[in-house]
Amino acid sequence: MKTIRYGIIGCGLMGRELASAMARWCHLADMDVRAELIAVCDRIDAARQWFVERMPSVRQSTADYRELLANPDVEAVYCAVPHNLHREFYCAIIRAGKHLLGEKPFGMDKHANDAITACAAQHPRQLVRCSSEMPFYPAVQRIFAMIESGAFGQIIEVNTGFLHSSDLDPNKPINWKRMVEVNGEYGVMGDLGMHACHVPFRAGWIPRNVRAVLSDVIKERPDGKGGRVPCRTWDNATLLCETTDPRGGEPFPWTIKLQRIAPGEKNTWYVEIKGTKACARFSTKNPKLLETLHYTGGEQCWQQTDVGYEPAFKAITGGIFEFGFSDACQQMLAAFTYELAHGQPLRPAAGCVTPEEAALSHRLFTAALESHSKQATAAV
Ligand SMILES: NC(=O)c1ccc[n+]([C@@H]2O[C@H](COP(=O)([O-])OP(=O)(O)OC[C@H]3O[C@@H](n4cnc5c(N)ncnc54)[C@H](O)[C@@H]3O)[C@@H](O)[C@H]2O)c1
């Protein structure tokens, strides 16, 4: 079986998640290619040590990403570092000849993203993709199939979003994700935005313009050293986009809700599509429930289907069981690894976010910043 040898740069929350996905590769049933983690990089020794102690395949551990990129055995890199480092690290990874699965937002701002997009375009032989795992939930894969078959008819409206309550506690100390200079001006849009754009963008639904309302709910936080500091990142964002479907050309509204302060929500990613022939909705709040409505002229009935463990990349878990966040991360890595080995995704819905889609998200979020500051609709 072909093996793709990976390095991970950024051994934090997401670095560990993707390493775990590689460590349990045997979970995937039919893959003809394997991911193996051989190198890790983090500026914090203890962060790297976690990997070294648990993963015997790791042969290189370094605090300097340049050393990892100089390792000829590393073919592909998963990079999960704070947003202000994306531009430097992603461009260096691509220029070093490695394939890149980079975390969103794929550059702290549009300027950084433009540089990454240009770098990827200059190196077409390398696979460059942006992380976004939620569409790999089996119910969302079914929604993709409905989109591809034209089942919705004319699109009436689309609603997507990602809701957390992780910042509801005003006494939670500030960290890099709440600092404008590290997280970026986008605030919550940089953190959660790409997740909410993945399905509509892959469907070909392109926003023409946006009216955004951004909220800085909690303006000050403990600094973790006994004092308090300003917290200037946008906590919540509501975007209303005028969007077109290439199939019919008719405009429709797409609302995007991105909230770090959404009482009662822990990690709720959702998608809802309403069309003239069918509707569908899914939320990770109830991760195996797919709701659909097929309109054939009679009663309009919402149906509830329990979608079990039926991912794009088959796994050993029985079809009746539940699918979760760690599974979605592994499916995303499988999609990247499959595309690397085969030169194309298994199918469009089972492919990772492309640099073009990431660039479109930056156009949208930059327009949203403009819309909020001018209190007017902005062109995307
Ligand atoms: N796909 C998702 O669901 C998801 C979820 C959370 C975060 N993210 C994204 O993942 C990325 C990282 O987020 P996280 O939550 O893992 O953050 P984290 O803070 O847990 O981890 C970041 C790691 O980067 C390391 N680092 C910082 N500077 C470095 C340097 N100069 N050289 C080497 N390592 C360095 C830190 O020491 C830390 O271990 C961000 O882009 C974030 O938006 C994605």
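Me: Which residues make up domain 1 and domain 2 in the domain assignment?
Reply: The bounds come from an automatic or database domain assignment. Residues are numbered from 1 along each chain as its sequence is written. The model is predicted: local features need pLDDT of at least 70, side-chain atom pairs count only at pLDDT 80 or more, and totals for chains, interfaces and linings use all residues. The assignment gives domain 1 as 2-130 and domain 2 as 135-323 + 354-379.

Me: How many residues does each domain give to the contact?
Reply: The domain centres, taken over C-alpha atoms, are separated by 25 Å. Residues are in contact if their C-beta atoms, placed from the backbone, lie within 7 Å. Domain 1 gives 21 residues, and domain 2 gives 21 residues.

Me: Which element gives the most to the side of domain 1 that touches domain 2?
Reply: Elements are DSSP runs numbered from the N terminus: helices (H or I, at least four residues) and strands (E, at least two). Two elements give two or more residues to this side, helix H5 (110-122) and strand E6 (128-130). The most, 4 residues, comes from H5.

Me: What is the strand order of the open sheet?
Reply: Strands pair if DSSP finds at least two bridges between them. The sheet has 6 strands with parallel pairing. Strand E3 (60-62) and E6 are the edges, each pairing on one side only. The order is E3-E2-E1-E4-E5-E6.

Me: Which residue in E4 is the bridge partner of Gly-7?
Reply: Strand E1 (residues 2-9) pairs with strand E4 (residues 76-79) in the parallel sense, over 4 bridges. In E4, the partner of Gly-7 is Val-77.

Note on methods:
Contact = placed C-beta atoms within 7 Å.
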